[in-house]
Amino acid sequence: MKLSIIVPMLNEAENVSKMYAQIKHSLKKVKYEIIFVNDGSVDNTEIELNKIYNVDNSVKIIHFSRNFGKDAAIYAGMEVANSEYTAIIDGDMQQHPKYLMEMYNYLEKNKVCDQVCMVPAKRKNMSIIKRIGGKLFYKLINHISGIKFREDASDFRMFRNNVKKAVLSLKESNRFSKGLFNWVGFNTNSLIYQIEPRKYGKTKFNFKRSLNYALIGIIDYAENPLNIFTKTGAFISLLGVGGLLYLIIKSIIIGHIYHEIFIALAVILILFGINLLGISFICLYLARMQTEIKKRPIYIIKETKGIK
């Protein structure tokens with residue numbers, strides 16, 4: 001087998017048959033397999049996937065017992081992938097399968113390249129909040145992390161077996177795929193693709209989910225973010241001591257302290273907020289450590305089709 005295509009799906013019943021048809025149409029000259037991973041969908045995704053298997057039993061299907069997240073779905077697909085190359089593509093049809101052939105040809109021609117990562121072209125219709133938030137996230141994580149993240153790099157990628165084996169060797173439960181593929185290294189090149197408009201279903205990455213995902217990345221790949229709070233705390237403490245001495249001296253000289261009390265209260269509130277933020281980061285680290293210590297499985301399978 002030359003190519004394994006992993007398609008994570010969550011509540012994409014309307015896109016299942018269309019995605020399958022597009023992949024079949026785009027890859028006519030390559031021997032490939034499709035691995036659909038149903039990430040605990042609560043719509044008719046499971047039914048639609050089973051319909052495809054009944055027509056084409058060369059398709060591999062994994063149904064999770066519940067929603068374990070896209071990163072777990074990617075890992076599950078990689079475990080059963082059995083080809084020279086492995087590709088990951090979203091099941092919402094916003095990443096067109098025609099780019100699979102482009103990535104495949106690139107790897108065939110460039111033997112020194114281990115993986116190709118697709119980067120979306122600039123989107124004019126993207127909200128200002130998402131655009132600014134994305135830039136801030138990558139600037140922050142690249143500043144406090146030991147590895148460098150390509151801005152807007154997606155999970156839409158294709159890679160050789162050496163990359164697949166390396167990523168599979170990382171067994172942590174809390175998975176951040178963009179970070180894992182960066183952490184293992186290897187020669188990586190990027191190509192540009194156009195995001196297709198979503199025609200069916202709803203996006204799974206709203207603002208809240210995007211924020212949570214960004215926080216996971218920062219916690220998992222920031223080498224020592226707690227140092228930020230240590231340095232910030234030390235600086236503000238010195239600033240606070242200096243400010244307090246200034247207020248005391250000024251109050252003694254002019255005998256008027258009302259305005260200064262409000263300033264002092266504002267400083268105290270700022271310090272209290274920074275303390276709470278630092279403590280919350282420590283709690284997040286402890287919570288993720290607890291999850292890893294339990295060594296629970298990354299996912300639980302409800303049913304498989306086409307997998308021996």
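User: Why is strand 2 (residues 32-38) called mostly covered?

Analyst: Buried means under 20% relative accessible area, exposed over 50%, and partly exposed in between, with a 1.4 Å probe and protein chains only. Seven of the seven residues of strand 2 are buried, so the strand is called mostly covered by that cut-off. Strands are DSSP runs of E with at least two residues, helices are runs of H or I with at least four, and both are numbered from the N terminus. This is a predicted model, in which local features need pLDDT of at least 70 and side-chain atom pairs count only at pLDDT 80 or more, whereas totals for chains, interfaces and linings use all residues. Residues are numbered from 1 along each chain as its sequence is written, and side-chain values use heavy atoms, with hydrogens and water left out.

User: How do you know that both faces of strand 2 are covered?

Analyst: In a regular strand the side chains alternate between the two faces of the sheet. On one side of strand 2 stand Tyr-32, Ile-34, Phe-36 and Asn-38, on the other Glu-33, Ile-35 and Val-37, and all of these are buried.

User: Why is the contact between Glu-84 and Lys-2 called a salt bridge?

Analyst: A salt bridge is a side-chain nitrogen of Lys or Arg within 4 Å of a carboxyl oxygen of Asp or Glu. The N to O distance for Glu-84 and Lys-2 is 2.7 Å, so the pair qualifies. Glu-84 lies in the loop between helix 3 (70-80) and strand 4 (85-88) and Lys-2 in the segment before strand 1 (3-9), so the pair ties together parts that are 82 residues apart in sequence. Glu-84, at 32% relative accessibility, counts as partly exposed, and Lys-2, at 22%, is partly exposed.

User: What makes Glu-108 and Lys-2 a salt bridge?

Analyst: Their closest N and O atoms are 3.6 Å apart, so the distance falls within the cut-off. Glu-108 lies in helix 4 (residues 98-109), so its pairing with Lys-2 ties together parts that are 106 residues apart in sequence. Lys-2, Glu-84, Glu-108 and Lys-111 are linked in a network of salt bridges, and by the same rule the count comes to 10 salt bridges.

User: Is Asp-90, a partner of Lys-70 in a salt bridge, buried or exposed?

Analyst: Asp-90 has a relative accessibility of 16% and therefore counts as buried, whereas Lys-70, at 23%, is partly exposed. Their side chains meet at 2.7 Å, N to O.

User: How do you know that Gln-115 makes a polar contact with Thr-188?

Analyst: A polar contact is a pair of N or O atoms within 3.5 Å; within protein, one must be able to donate a hydrogen and the other to accept it, and residues adjacent in sequence count only if both atoms are side-chain atoms. The side chains of Gln-115 and Thr-188 make such a contact at 3.0 Å. Gln-115 is found in strand 5 (residues 115-120) and, at 0% relative accessibility, counts as buried. Contact in general means heavy atoms within 4.5 Å, and the residues that Gln-115 touches include Leu-107, Phe-159, Phe-181 and Gly-185.

User: Why is Gly-185 called partly exposed?

Analyst: Its relative accessibility is 25%, which lies between the cut-offs for buried and exposed. Gly-185 is found in the loop between helix 7 (177-183) and strand 7 (188-193).

Notes
Lists of a residue's contacts leave out its neighbours within four places in sequence.
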